[in-house]
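I opened the model to look up its strand pairing and one of its helices. My entries follow.

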Amino acid sequence: MTKTPWKKYVWLAPVLVALPYLWNLLVTVTRRLPYPYDLEWMEGGVLAHAWRLQQGEPIYTVPTGEWMPMIYPPGYHSVVATLGSVFGISAPLGRSVSVAATLAALAALLYISRRHFGTLIPGVVGGMLYLASYPNTGAFMDLVRADSLFVGLTAWSLALALEDRKWVWRTSALLLFLAFTVKQNAALMGVPIAFGLWAMKDFKRALHWGLWAAVPALLWVGWMQWSSDGQFLVYLLEVPGAHPMVTGRAFPGTPREISAHLPWLMPTLATGVVAFGAREEDGAWSRPGLAITGAFALLFTVVLASMGQVRGITQPGTWEALFTYPSLGAMAGVGVFQAIRMVRGEGRPGWILGGLVMLTALIMTGLMRAHHGGFINVFMLLYWCTGLALVPVVAWSMRTRAPAVVPVVMALMLGAQMWDRSSEFDGQRLQPTPADYEAGEELVAQLSALEGEVLSPYAAWLPALAGKTPSFHLISLWDVNHRDGPYRKAVGQVTADIRSGRLYEWVLTSEKPMQYGISEGYHMDSRLAIPRGALMPKSGWRARPTQLWQRGPGKGTQAPSESSQTRRKTPARRKPGKRIQPIEKEQTP
């Protein structure tokens with residue numbers, strides 16, 4: 001591919017502008033990595049899963065007061081458990097896995113850029129964009145969560161899919177299978193890859209790739225079902241299937257949040273996509289292509305601007321919407337135009353793979369965001385795919401035939417985005433403070449001195465740091481406590497187990513109400529005093545351990561009578577529509 005040197009150097013400008021942000025991000029991640037307590041309230045629950053695997057205990061069991069799992073596959077937990085057998089299970093270990101996976105995702109962009117376009121610059125630009133999304137995805141790239149490993153495995157599956165060597169493209173299929181063991185929605189990404197291989201290679205290649213991905217997945221699911229007595233798929237499918245969906249979060253919510261998160265990104269990408277994709281084979285502008293692109297730009301602008309507000313969704317400002325809504329529509333229009341050309345046998349097959357990957361990532365993000373409690377970490381794969389989309393667009397803009405104005409305009413807009421990110425990013429807010437360390441050490445020392453087991457559903461790993469058994473996480477109890485859920489009746493038994501006090505001598509909760517029999521079977525202990533603001537999670541939902549309860553009735557509480565225990569085998573009847581859990585809180589799937 002012939003390139004004009006000055007066009008290559010144009011792209012160094014936004015990279016240089018991004019350096020202050022990237023340095024701030026590096027410092028932030030470095031200071032977060034060794035923190036032994038929860039940076040995000042579900043981290044401890046993930047470590048508890050790894051601990052059970054290491055102990056040979058089952059994960060997917062019917063909910064009880066002793067244990068209930070989260071609604072994810074065990075892939076990430078297994079990695080942490082395996083490494084933990086050497087280094088010991090800890091929050092820094094889990095975060096190291098996520099940081100390594102994030103670096104792998106960035107390396108995949110560089111590989112694609114060098115392998116298919118002969119230069120690293122587009123990959124650097126795409127990776128810079130992905131890192132720019134760190135605060136917009138909840139600062140999850142370095143957490144003890146499965147998201148980064150899911151993105152890293154999916155990224156390399158995409159990176160290797162087009163290779164002609166058998167062992168390489170088979171590795172691509174197996175990597176997608178491994179991504180599926182980390183997050184079940186990875187299976188959806190197999191659809192665009194298979195169709196893309198059909199378009200760019202042949203049907204036989206697509207079929208073989210699909211079999212190399214699907215057969216191991218089916219065998220693994222069968223084994224997991226057998227080893228869990230049928231509970232595995234209940235947690236992965238039936239439990240989340242009973243959760244309500246807030247469709248407005250998917251549309252118009254997801255496009256609006258994209259517009260608000262990185263407002264200069266969509267115009268940057270749209271400029272290149274339209275300049276590259278709305279043309280004929282000879283490089284001339286296509287009138288049908290421009291007409292379709294313009295029509296979709298207008299349609300998206302009118303629809304997104306006219307639809308009502310969605311609760312809990314970040315809304316773009318007027319000027320942000322003015323630039324981003326038409327950009328989203330224009331790119332959709334180019335996709336439709338290229339699909340029409342493919343049907344006629346005129347288009348470029350690469351558009352099929354790229355377009356379907358972006359569409360699938362957008363649909364996945366919308367569905368997960370619409371899921372009950374879906375948090376902004378679900379944007380991670382979408383923003384990596386957006387960085388991937390920048391790679392061919394930037395590479396094309398460096399070609400001699402590309403209009404000179406295109407790389408200049410794109411680089412200026414991306415530079416503006418990185419300038420905004422550098423000036424707005426507050427890494428200090430995401431870093432643990434000396435007060436957090438001190439409060440955590442004191443709390444662990446107090447828990448270590450207690451006789452008996454401690455239930456800590458808000459910070460599930462704290463008991464393990466004190467030499468006790470880690471707890472199940474409250475999110476697991478919320479997940480099964482839905483009216484049409486398969487384990488709804490088990491919630492009553494969980495409540496009875498907790499209320500009876502036979503499992504735990506102590507319960508450590510947040511200042512936020514938890515219920516589930518605690519106030520009936522336990523009384524508040526006054527010895528715990530956490531300084532104001534200390535141990536507050538830096539990402540996700542802000543719930544910290546602040547209240548210690550001891551078994552037995554105390555002042556202001558009453559022990560349940562025998563008749564009461566018999567009568568209350570299930571939670572007390574509530575008014576219609578009222579749920580036990582605070583449904584407005586982000587639950588970070």
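**Sheet and helix notes**

I began with strand S2 (residues 506-509) and strand S4 (residues 547-551), which pair in the antiparallel sense over four bridges. This is a predicted model: local features need pLDDT of at least 70, side-chain atom pairs count only at pLDDT 80 or more, and totals for chains, interfaces and linings use all residues. Residues are numbered from 1 along each chain as its sequence is written, and side-chain values use heavy atoms, with hydrogens and water left out.

I noted the terms. Strands (E, at least two residues) and helices (H or I, at least four) are DSSP runs, numbered from the N terminus. Two strands pair if DSSP finds at least two bridges between them.

Trp506 stands opposite Gln550 in S4. Leu508 has Leu548 of S4 as its bridge partner.

Next I looked at S3. S3 also pairs with S4 in the antiparallel sense, over four bridges. Met524 has Trp549 of S4 as its bridge partner.

What is the order of the four strands in the open sheet? I read S1-S2-S4-S3, with mixed pairing. Strand S1 (454-455) and strand S3 (522-525) are the edges, each pairing on one side only.

Last, I turned to helix H18 (residues 405-424). H18 has 20 residues and reaches 29 Å from first C-alpha to last, close to the expected 28 Å. The expected span is 1.5 Å times one less than the number of residues. Its buried residues (under 20% relative accessible area, 1.4 Å probe, protein chains only) include Met410, Leu414 and Arg421.

Conventions
Buried means under 20% relative accessible area, exposed over 50%, partly exposed in between (1.4 Å probe, protein chains only).
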